[in-house]
Amino acid sequence: MRRHDWLGAILVIVAAGGCEADDAPPLPDGGAYIRGVITAVERDRVRIEENPREPSGSQKAVLRVTAHTVLRWRGSGAPATLADLRPGRTVRAWVTGPVAESYPVQGTAAKIEIE
């Protein structure tokens, strides 16, 4: 292969795959992974429970909030912050990447909407 052919191949690979490690994952389509009440916030982790009065049986998740997590107010679509995620607030959350199938499940939040 000639030199300019190699350069063209490299440019195609970089353009197709992206060159930044910080690229945010795409936002999920479809319905939320969980809708529930925030029962705890510890640093970058939010515990969401479908029915906090039930010790087991209902959906519960502990989700990590990263720099790529989209935080929004549902009604207005306005941006929210980690400080807006407080116990007692109802939220809908979408996840990205693998989810540990523990109870509660554990994963990374792609998006959290505060209702």
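This short talk walks through the strands, the nonpolar core and a few local details of the structure above.

Before we start, please keep in mind that this is a predicted model, in which local features need pLDDT of at least 70 and side-chain atom pairs count only at pLDDT 80 or more, while totals for chains, interfaces and linings use all residues. Residues are numbered from 1 along each chain as its sequence is written, and side-chain values use heavy atoms, with hydrogens and water left out.

Let me begin with the strands, which are DSSP runs of E with at least two residues, numbered from the N terminus. Two strands are said to pair if DSSP finds at least two bridges between them. β1 and β2 pair in the antiparallel sense over five bridges, and within this pairing V41 stands opposite V46 in β2. β1 is also joined to β5, again antiparallel, by four bridges, and there I34 has A93 in β5 as its bridge partner.

β1 and β2 form a hairpin with two residues between them. Most residues other than glycine have a negative phi, and most peptide bonds are trans. R43 counts as exposed because its relative accessibility is 77%, where exposed means over 50%, buried means under 20% and partly exposed lies in between, with a 1.4 Å probe and protein chains only.

On the subject of peptide bonds, Y103 and P104 are joined by a cis one, with omega at about 5°, and P104 is found in the loop between β5 and β6.

Now, which residues touch the most other members of the largest nonpolar core? In this core of 17 residues, they are I48, L63, L85 and I112. β1, β2, β3, β5 and β6 each supply at least two residues of the core, and the largest share, four residues, comes from β6. By nonpolar core I mean a set of buried Ala, Val, Leu, Ile, Met, Phe, Trp, Tyr and Cys residues joined through side-chain atoms within 4.5 Å.

If we leave aside its neighbours within four places in sequence, L63 is in contact (heavy atoms within 4.5 Å) with residues including V46, I48, A93 and V95.

Finally, the charged end of K111 sits over the ring of W94, 4.9 Å from its centre; for a Lys, this requires NZ within 6 Å of the ring centre and within 35 degrees of the ring normal.
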